[in-house]
Amino acid sequence: MTFDKNHRQKKTGIKRERTDVTSQFLCKFEDRIDVTGCLSAEVVTADAWLLEIFHLTSGVVALSQLQSEIRPQSGSFGILYAPFSITRLSFRDTQGRLTGFAGRFALPAQFAAGAAVLELDSCDQPETVREIIDLLSTCQYQQCVQANPASNRICSEAKRLIDRNYLSGPSIAKIAGQIGVSHAHLSREFKREFGMTPSQYLHKLRVADAAFLLAQGEKIVNVAMDVGYGDLSRFYNQFRKNTNASPGFCQGR
């Protein structure tokens with residue numbers, strides 16, 4: 001999850017309290033939500049999906065594709081982010097907690113693409129792979145909240161090529177050439193459609209992948225190499241820039 005620049009110097013926000021290595025297929029984390037004022041956030045997933053279960057005590061959570069806001073009286077709710085999805089959220093004077101799970105095993109078919117809000121019972125607290133699959137198979141799918149699910153052909157094709165090749169260091173200029181447009185034109189269109197340039201999206205994918213590997217207890221230097229950063233300092237800079245946390249803080253304990 002990445003945050004807007006105006007919020008980075010504030011002491012409130014989404015704070016990671018614990019990360020657990022559950023299995024090679026699943027990791028779990030717990031965050032405290034302590035937002036005073038407004039906070040904009042963006043969730044980008046790589047080849048792992050992400051499930052966040054929210055328990056609010058006050059304030060509001062809004063998503064870019066929803067017409068209504070989610071408040072404490074709504075009870076517990078979840079957001080399921082499929083692999084390679086982009087989702088934007090905003091928090092306003094929000095207090096509560098969230099429990100997150102990330103994994104790479106197959107999801108039920110209805111959740112295979114995009115991001116969706118899920119209606120949950122307050123007692124829904126999965127812990128294992130089987131329990132998560134059972135939960136997703138039975139909970140009510142409310143609404144897709146994927147950012148710009150109907151992007152134009154140029155941007156959809158560029159995103160597909162970046163998604164497929166993000167670990168191998170794809171050249172954005174070459175991708176633009178494959179699509180038949182200039183680098184500058186692709187960057188403008190991609191930012192208009194997704195709110196970020198193709199290069200920024202590439203770094204967000206790598207950082208998202210790194211966060212999953214770190215949560216499984218992998219060493220930082222190995223993770224940096226695995227996600228395409230030969231320069232460790234560059235990896236640290238991109239990780240902090242995109243998560244507002246250090247890689248070490250996201251390692252499984």
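Biologist: Is Cys27 buried or exposed?
Modeller: The relative accessibility of Cys27 is 3%. The cut-offs are under 20% relative accessible area for buried, over 50% for exposed and in between for partly exposed (1.4 Å probe, protein chains only). At 3%, Cys27 therefore counts as buried.

Biologist: What kind of model is this?
Modeller: Residues are numbered from 1 along each chain as its sequence is written, and side-chain values use heavy atoms, with hydrogens and water left out. Local features need pLDDT of at least 70, side-chain atom pairs count only at pLDDT 80 or more, and totals for chains, interfaces and linings use all residues; the model is predicted.

Biologist: How many disulfides does the structure hold?
Modeller: A disulfide is a pair of cysteine sulfur atoms within 2.5 Å. Cys250 is buried, at 9% relative accessible area. The disulfide count for the structure is zero.

Biologist: At what angle do the axes of H2 and H5 cross?
Modeller: Helices are DSSP runs of H or I with at least four residues, and strands are E runs of at least two, numbered from the N terminus. Axes are lines fitted to C-alpha atoms, for helices over the stretch in contact, with angles from 0 to 180 degrees between N-to-C directions. H2 spans residues 153–165 and H5 residues 198–215. Their axes come within 10 Å, and the crossing is roughly 35°.

Biologist: Which residues of H5 meet H2?
Modeller: Contact means heavy atoms within 4.5 Å. From H2 come Lys159, Ile162 and Asp163. Their partners in H5 are Pro198, Tyr201, Leu202 and Leu205.

Biologist: How many charged residues does the contact of H2 with H5 have?
Modeller: Asp, Glu, Lys and Arg count as charged; Ala, Val, Leu, Ile, Met, Phe, Trp, Tyr, Cys and Pro as nonpolar; the others, Gly among them, as polar. The contact has five nonpolar residues and no polar ones. The charged residues number two.

Biologist: Is Lys159 buried or exposed?
Modeller: Lys159 sits in helix H2. Leaving out residues up to four places away in sequence, Lys159 touches Phe84, Ile86, Phe190, Phe194 and Tyr201. With a relative accessible area of 10%, Lys159 is buried.

Biologist: Why is the pair of Phe54 and Phe77 classed as it is?
Modeller: Rings of Phe, Tyr and Trp (its six-membered ring) pair with centres within 6.5 Å; planes under 30 degrees apart are stacked, over 60 edge-to-face, the rest tilted. By this rule there are eight aromatic pairs. The ring centres of Phe54 and Phe77 lie 4.8 Å apart with planes at 0°, so the pair is stacked.

Biologist: Which strands hold Phe54 and Phe77?
Modeller: Phe54 is buried at 0% relative accessible area, and Phe77 is buried at 4%. The pair links distant parts of the chain, 23 residues apart. The strands are S5 (residues 49–63) for Phe54 and, for Phe77, S6 (residues 77–81).

Biologist: Which residues do ring pairs link into a cluster with Tyr229?
Modeller: Tyr229 and Phe235 are both buried. The cluster joins Tyr229 through ring pairs to Phe235, Tyr236 and Phe239.

Biologist: Which residues does Ala211 touch, not counting those up to four places away in sequence?
Modeller: Ala211 lies in helix H5. Ala211 is partly exposed, at 25% relative accessible area. The residues touched are Phe239 and Cys250.
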